[in-house]
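Here's a quick tour of one structure. Have a look at it first, then read on.

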Amino acid sequence: MKLKRIFALLTASLMTFSLAGCGENSGQEVENTDVFKIGGIGPLTGSAANYGISVKNGAQIAIDEINEAGGVNGMKFELLFEDDEKDEEKSVNAYNTLMDKGINALLGATTSGCSIAVSNVSVDDGILQITPSGSAADCTNGVNSFRICFTDPLQGELMAQYISDKGFKNVAIIYNNGDEYSKGVHEAFVEKYKSLGGSVVVDESFTSGDVDFTTQLTKINSSNADCIFLPIYYTDVAYITDQAASLGLKLPYFGCDGWDGVINQLNGDTSNIDGSIFLTPFISTDSDPKVKSFVEKYRELYNAEPDQFAADGYDAVYTIKAAVEQAGGDISNEALISAMTQITVDGITGQMTFDESGEPNKSAKVAIINNGSYIAE
Amino acid sequence: MENKKSILFAIIAIVIFIALFTLVEMGLLSRQYMGLLVPICVNIILAVSLNLIVGFLGELSLGHAGFMSIGAYAGCLFTVYANLPPFIEIPLALIIGGLVAALFGFIIGIPALRLRGDYLAIVTLGFGEIVRSVLNSLKIVGGSGGLKGINSGMHKSDYYIVAYIVVIITILVISNFINSRHGRAVKAIRDNVIAAESVGINVVYYKILGFVIAAFFAGMAGVLYGHNIGILKPATFDFNKSIEILVMVIMGSMGNIPGSIIAAIILTVLPEALRFLQDYRMLIYAVALILIMLFSSNPTLIEFRKKIFGKKEKGGK
């Protein structure tokens, strides 16, 4: 009897979990032969739902813009987006579902693990796959797969170069040992930074879920570090900078694109981190007219501030559009993939070209936090 | 009587296989459902093996995903590093995965089985989480980024045949085990430990045996999962995964193997079949789950099932 009650409780909790985070509605189905179908995959429910919803929203804006402008070669674009709950198996299921619907190109998956799982299957189909935000190196292993975002190692190298150029020679690092992204950035950063003649005076780690960083910060406080590099997500950044301030630690901070969102996390009070600099592909306060118009549309349609995932999704659609234009009337997989290396896309995350390995060549942007907002350098 | 049943089982197994094979080869199945064949098989193996612990041994285990992940990583590591032809590599990987998981079933079985009920449930839960944490920080298996490049050289669309064979083996072994002398001892322990001990049944031995067999098949299921997806991430094998398997066992009613099979199929297909609902999918799925649970625990329906299967059901209630 007792056992039964436990079961009932567990079942109920499972259901609650599966309910967490139902997104808002969009995406209409049109049956038309003059339609170029883009299949999107990303988490719309579950713990990573933010990412998938952002990508979907960003991509939808691009699709609407293209269709308003009359489409490409007489074809309208259509986005079919499937949920993968950030689970590799479900991501492959979503991919199969999209293939049944006859998609012409794939925008996804949103997260690294899912992108790799999907590309294991998509490579046999040969369909053009562009992941907006899968940053693990293996995401672009297939000849058919490309990406919009930076890889983790590249971010680390760029930041090492930047910090070194600014004249900081003794860096302290705190990174998340349980997170692939953080570890990837950290590893490449350390290697590059040392090769540039800098020294890593404190190199401390933590694991996901930690909230007390006093030990690591005390170590930094008693070292001769002249700056702190935090290749981690914004929630942890908020904890660390807050605790550093109460320890009286006042060093300049550097970060990478996981910082995007830190101002909201701090409720707008950036007094502890004013002047901090992080690498990001997209800054919503950028004065670029394309960025401005995107941000305005996003705010109006979704009543939210666009993040880099939204920007990546938006740019991914325009990349597909550019490939379709380059390929002329031919929308076969081969034509689209060979067009990819010939195009230049002037996106809101920067101007990019693609090489055959699937990596984008684009310049990084650096955002400075000042008085409650992000400012482009 | 027993003979007749095994023949019937063999006929059903072959007929289903021929039906599946024709559907796949003639291209009558959509990509979506083709892709679901292996996940369905994996879930059937998981549900049937967990049913041995929960339904027949009468112990609550929340660590099944832990056994699954150990087997998956062991078997897939073998595939990544050994470059043998697929028809040798896959069976070997399956056996290695199963054996390593069984070893852990044995190790966790010894201290854990001194406990009962809720306490054991928490210990198995802890076990699953420990496995996940260790995998997260093990360099050789790729840590939190996952084990990549699992490729045996077999074509992806042929995995369902391997998976199907493993399902048949699992069902055969576990249902034979339950109907054997050992199985009767296991059920006796479930129904009354003191009575079982008093007639000389070695309770610890049988409990560990149950755990080892269940872990072995969970490990094999993990190997199949890894080969099908091509990447293993520790985050997949979390607490939720264990609960998911448990839900299948409960839905199919405890101690009922055909029930577990049907529940595994329904719970794998349902969320995919509901994709057309878009944003309401998970909501409707949850509601459907509640309704199915209410429905399958309905007394009239249980009577009806008994008539169909012509055999009295022994639930773990």
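## Ground rules

This is a predicted model, so to speak with limits: local features need pLDDT of at least 70, side-chain atom pairs count only at pLDDT 80 or more, and totals for chains, interfaces and linings use all residues. Residues are numbered from 1 along each chain as its sequence is written, chains are lettered from A and ligands numbered from 1 in written order, and side-chain values use heavy atoms, leaving out hydrogens and water.

## A sheet in chain A

Chain A has an open, antiparallel sheet of three strands in the order 11-12-13. Strand 11 (344–347) and strand 13 (360–361) of chain A sit at the edges with a single partner strand each, so one side of each has no neighbour in the sheet. Strands here are DSSP E runs of at least two residues, helices H or I runs of at least four, numbered from the N terminus; pairing takes at least two DSSP bridges.

Strands 11 and 12 (residues 350–354) of chain A pair over four bridges, and Val345(A) has Met352(A) in strand 12 as its bridge partner.

## Chain B at a glance

Chain B comes to 13 helices and zero strands. Its C-alpha atoms fill a box of roughly 55 × 45 × 40 Å along the principal axes.

Of the 317 residues in chain B, 53% are buried (under 20% relative accessible area, 1.4 Å probe, protein chains only). As for contacts (heavy atoms within 4.5 Å), 77% of those in chain B with a separation of 6 or more link residues 24 or more positions apart.

Methods
Buried < 20%, exposed > 50% of the residue type's maximum accessible area, 1.4 Å probe, protein only.
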